[in-house]
Amino acid sequence: MTSNREIHLASRPQGWPTEDTFRLVETEVPTPGPGQIVVRNQYMSVDPYMRGRMNDVKSYVPPFALDAALDGAAIGEVVASEAADIAVGTTVLHGLGWREYALLDAAAARPVDPNIAPVSAYLSVLGMIGLTAYAGLLEVAAMKPGETVFVSAAAGAVGSLVGQIAKLKGAGRVIGSAGSPAKVERLRALGFDAAFDYHDGVRESLRAAAPDGVDVYFDNVGGDHLEAAISAMNLHGRAAICGMISQYNATEPSAAPRNLALVIGKRLTLRGFLVNDHNDVRAAFVRDVSGWLRDGTLSYDETIVDGIENAPSAFLGLLRGDNLGKMLVRV
C-alpha cells in the first residue's frame, strides 16, 4: 500500500472534453491524521454535472482545480483509521472519487452495510441517483396517480428509475426517450408504456406517444426535448428540470426551446432542482425503494468500466450516451 493513482484535470475543455483533458498521476498513499481515515476506493461515479465543473465559472459547486485530482461520489473500504467511530474494514460512501486511495475526515464519510446490497448500488439506486429520481418526480413535479409522464434520457441512471417509480406510484402512462433501438427496447422491458429513439424526431415521436398530452415532464436533456415537452404539456403541467446534457458541451447558445410563450397560456410550472434540497424525503425514499428492490418490482442497470486509468474514457462515454443505467468505474 505505497502507490496511489489519481486522475487530474490537465486543461479546461472548450466544447467536448478529450482524453487530453485528463492526466493520470501517481502519488503516495496518504497517511491519516487525527480524526481521519484512508479509503481504498472500490467504485467511483462519473456524472454529467462534472462537465460543468471543468469550466472556471461560478456555479452551485466549485469548479475543479487544474493540476489537481477531480472528485465525486465513491465507495470503498477503510484501510487506515485515526478516527474512533470508524474502524478499519468499514465500507463507506464519500465524495473523493477519481483516485485509488482517498484521505478524508471521518465526518465526511457515511458507513453503509455491504450485506444489504452490492456496494455499487449505493452510487446508483440507493444513493443520490435514486433520491434524485424519487424527489424530482414526487416532490418537485408532484406527480399524481393517473397522470401522463414523459422522461428524457430515460435509459440513463436517473431516467430509468423515474419511469419505474412513476408506474409504481400510479401514473396512467409513462413515456421515455432514448438514443438507440436497444435502449428503447430496454425501456419497454422496464415497464414504460411507450418509448422512442429521439433520432427519429422528438416532437413527432412524443405527439404520437402522448396523443392526450403530458402532465409531468422529467427533463434530463433540455434543448429540443424541453421544447417538445412544452408543446405537448397539458394545462397546469409541471416539469422537473434535473439536467440539460444536450447543452453541456455546446459552444454556442441553444436554439431551443423556442416556445416558452406557451408556458403562460398553459400555466405551466418549470422548476429546477438539486437533490440536496430534498433530504427531508430520504426516509420515505429509503423505505419505498428498499421495499421495491426486495420484492423485485424495481430494476436498475449499471455500466461498469474497469480501472482508474479508464475513468476519463468512462466519463466521455457517459457524455456520448454509451451507458445503460448508471456509469461506474470499478477502481
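## Strands and their pairing

Two strands are said to pair if DSSP finds at least two bridges between them, and the strands and helices named here are DSSP runs, numbered from the N terminus, with at least two residues (E) for a strand and at least four (H or I) for a helix. The structure is a predicted model, in which local features need pLDDT of at least 70 and side-chain atom pairs count only at pLDDT 80 or more, while totals for chains, interfaces and linings use all residues. Residues are numbered from 1 along each chain as its sequence is written, and side-chain values use heavy atoms, with hydrogens and water left out.

Strand E5 (residues 91–94) and strand E7 (residues 110–111) pair in the antiparallel sense over two bridges, and Leu93 stands opposite Arg110 in E7. Strand E4 (residues 74–81) also pairs with E5 in the antiparallel sense, over four bridges, with Glu77 opposite Thr91. In a regular strand the side chains alternate between the two faces of the sheet. In E5, Thr91 and Leu93 point one way, Val92 and His94 point the other way, and all are buried, where buried means under 20% relative accessible area, exposed means over 50%, and partly exposed lies in between (1.4 Å probe, protein chains only).

## Nonpolar cores

A nonpolar core is a set of buried Ala, Val, Leu, Ile, Met, Phe, Trp, Tyr and Cys residues joined through side-chain atoms within 4.5 Å. The largest nonpolar core has 50 residues, of which Ile75, Leu137, Val149 and Ile165 touch the most other members. Elements that give two or more residues to this core include helix H2 (128–140), strand E8 (148–151) and helix H3 (157–168), and the largest share, eight residues, comes from H2.

Leaving aside residues up to four places away in sequence, Leu137 touches Ala142, Met143, Val149, Val162, Ile165, Ala166, Val216 and Phe218, contact meaning heavy atoms within 4.5 Å. Apart from this core lies another, of 21 residues, among them Met50, Phe64, Ala74 and Phe315.

## Salt bridges

A salt bridge is a side-chain nitrogen of Lys or Arg within 4 Å of a carboxyl oxygen of Asp or Glu, and a search of the whole structure finds 15 of them. In one, between Lys167 and Asp193, the closest N and O atoms are 2.9 Å apart. Because Lys167 lies in helix H3 and Asp193 in the loop between H4 and strand E10 (194–197), the pair ties together parts that are 26 residues apart in sequence.

Glu227 forms a salt bridge with Arg258, with the closest N and O atoms 2.8 Å apart. Glu227 counts as buried, at 6% relative accessibility, whereas Arg258 counts as exposed, at 62%.

## Aromatic pairs

Rings of Phe, Tyr and Trp (its six-membered ring) pair if their centres lie within 6.5 Å, and planes under 30 degrees apart count as stacked, over 60 as edge-to-face and the rest as tilted. A search of the whole structure finds seven aromatic pairs. Phe22 and Trp98 are stacked, because their ring centres are 5.9 Å apart and their planes are at 5 degrees. Phe22 is in strand E2 (residues 22–28) and Trp98 in the loop between E5 and strand E6 (101–105), so this pair ties together parts that are 76 residues apart in sequence. Ring pairs also link Phe22, Trp98 and Phe315 into a cluster.
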